[in-house]
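Subject: Structure for your review: salt bridges

Dear colleague,

My notes on its charged side chains follow it.

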Amino acid sequence: RDRVYAHPSIIKKRLQNIFSDEEIEKRWKYQIPQEIKKQMADFLIDNSNSFQKTEAQVENILEILNSS
């Protein structure tokens, strides 16, 4: 399993263009906590940084998967 992770403050900032703070909090209550999702992952992509850094992580994972 792979998981895409971003720091909660980054997620909230991105969602504020779409949802109110109250709606964001309400939706987060029904999500599996990020730390648990991270523990469940075979691969973790940290989406907190630039597109280029995220893309590099994806390419690295693809290399690993293609070599096995």
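Four salt bridges were found when the whole structure, which is a predicted model, was searched.

One of them joins Glu25 to Lys12, with an N to O distance of 3.5 Å. Glu25 belongs to helix 2 (residues 21-29) and Lys12 to helix 1 (residues 8-15), so this pair ties together parts that lie 13 residues apart in sequence. Both partners are partly exposed: the relative accessible area is 38% for Glu25 and 25% for Lys12.

Within helix 2, Glu23 pairs with Arg27. The closest N and O atoms of these two side chains are 2.9 Å apart. Because Glu23 and Arg27 are four residues apart in that helix, about one helical turn separates them. Glu23 has a relative accessible area of 22% and is partly exposed; Arg27, at 42%, is partly exposed as well. Glu23 and Arg27 also belong, with Lys26, to a network of salt bridges.

A further salt bridge links Lys38 and Glu35, whose closest N and O atoms are 3.5 Å apart. These residues are three positions apart in helix 3 (residues 34-40), so they too are separated by about one helical turn. Lys38 is partly exposed at 27% relative accessible area, and Glu35 is partly exposed at 46%.

With kind regards

Methods. Residues are numbered from 1 along each chain as its sequence is written. This is a predicted model: local features need pLDDT of at least 70, side-chain atom pairs count only at pLDDT 80 or more; totals for chains, interfaces and linings use all residues. Side-chain values use heavy atoms; hydrogens and water are left out. Helices (H or I, at least four residues) and strands (E, at least two) are DSSP runs, numbered from the N terminus. Buried means under 20% relative accessible area, exposed over 50%, partly exposed in between (1.4 Å probe, protein chains only).
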